[in-house]
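Work through the exercises below with the sequence and the structure at hand. Try each task before reading its solution.

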Amino acid sequence: MGTMINAFLEETVTLLRRLDQAAIERARQILLQCYQQHGRVYTMGNGGSASTAQHFACDLAKYVIPAGARPFDVRCLTDNVSLYTAWANDAERADVFVNQMRGLLASQDVVLAISVHGGTGFSADLVRAVRYAHEVGAATIALVGFDGGRLHREATCSILVPVESTPQTEAIHLVIEHLLMHLLRQDLAGLAEHA
């Protein structure tokens with residue numbers, strides 16, 4: 001058992017070292033610009049990635065904001081179960097995220113899609129959301145694993161965990177999320193000091 005534990009942890013360390021730091025910095029800049037332009041961030045995912053999307057939204061709304069400062073305007077599109085299931089039931093399932101953003105998404109906004117497989121055979125709803133965002137002129141960020149799929153190829157900025165493992169991909173997506181929150185918290189504290 002000790003060998004299995006060590007192998008998993010060693011793989012995690014290796015994967016963290018292989019992350020594209022330029023992509024992480026690009027995601028940071030996109031989110032910071034969205035905040036400065038009073039845009040809204042829409043987060044979304046399926047399964048375990050839906051919980052990561054929810055975690056992202058929570059931290060953007062509270063953790064990164066200096067005391068007394070304006071919070072991020074952020075919505076996680078899996079939070080409202082009644083609305084999500086109403087759209088999934090009454091319209092094409094793959095449009096469940098697009099339908100929640102239709103008429104609301106603007107060019108200063110950001111769509112953040114999280115997917116283990118990146119829309120390769122899965123998560124057509126996320127791919128359609130990213131494509132819709134581009135039609136509107138909004139920026140998109142993808143957190144993906146495996147080969148990255150369509151989301152990796154089509155998002156404005158994509159951060160790929162280069163491994164074919166759902167547990168490793170989901171775990172490292174949370175590390176990326178917390179790293180971005182750490183960076184944005186410092187950025188917003190600096191903005192507050194100079195306000």
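**Exercise 1.** At what angle do helix α2 and helix α8 pack, and how many Å apart are their axes?

*Solution.* The model is a predicted one.
Step 1: locate the helices, α2 at residues 21-36 and α8 at residues 166-193.
Step 2: the angle between them is about 45 degrees, and their axes lie 10 Å apart.
Step 3: angles under 35 degrees count as roughly parallel and those from 65 to 115 as roughly perpendicular; α2 and α8 are therefore oblique to each other.
Step 4: the crossing of α2 and α8 is right-handed.

**Exercise 2.** Determine the strand order of the open sheet and find its edges.

*Solution.* Step 1: the five strands are ordered β2-β1-β3-β4-β5, with parallel pairing.
Step 1: β2 (73-76) and β5 (157-160) pair on one side only, which makes them the edge strands.
Step 2: on average, neighbouring strands are turned by 15 degrees against each other, direction ignored.
Step 3: at one end of the order, β4 (residues 139-144) runs parallel to β5 and is joined to β5 by four bridges. Valine 144 has leucine 160 of β5 as its bridge partner.

**Exercise 3.** Are the residues on the faces of β1 buried or exposed?

*Solution.* Step 1: in a regular strand, side chains alternate between the two faces of the sheet.
Step 1: one side of β1 carries Arg40, Tyr42 and Met44, the other Val41, Thr43 and Gly45.
Step 2: buried means under 20% relative accessible area, and the residues on both sides of β1 are all buried.
Step 3: six of the six residues of β1 are buried, so β1 is largely enclosed by the rest of the structure.
Step 4: β1 also runs parallel to β2, joined by four bridges; tyrosine 42 stands opposite arginine 75 in β2.

Technical notes
Residues numbered from 1 in each chain as written. Predicted model: local features only at pLDDT ≥ 70, side-chain atom pairs only at ≥ 80, totals over all residues. Heavy atoms only, no water. Axes fitted to C-alpha atoms, helices over the stretch in contact; angles between N-to-C directions. Helix = DSSP H or I, 4+ residues; strand = E, 2+ residues; numbered from the N terminus. Parallel < 35°, antiparallel > 145°, perpendicular 65-115°, else oblique. Left-handed = near helix turned anticlockwise from the far one by under 90°. Pairing = 2+ DSSP bridges. Buried < 20%, exposed > 50% of the residue type's maximum accessible area, 1.4 Å probe, protein only.
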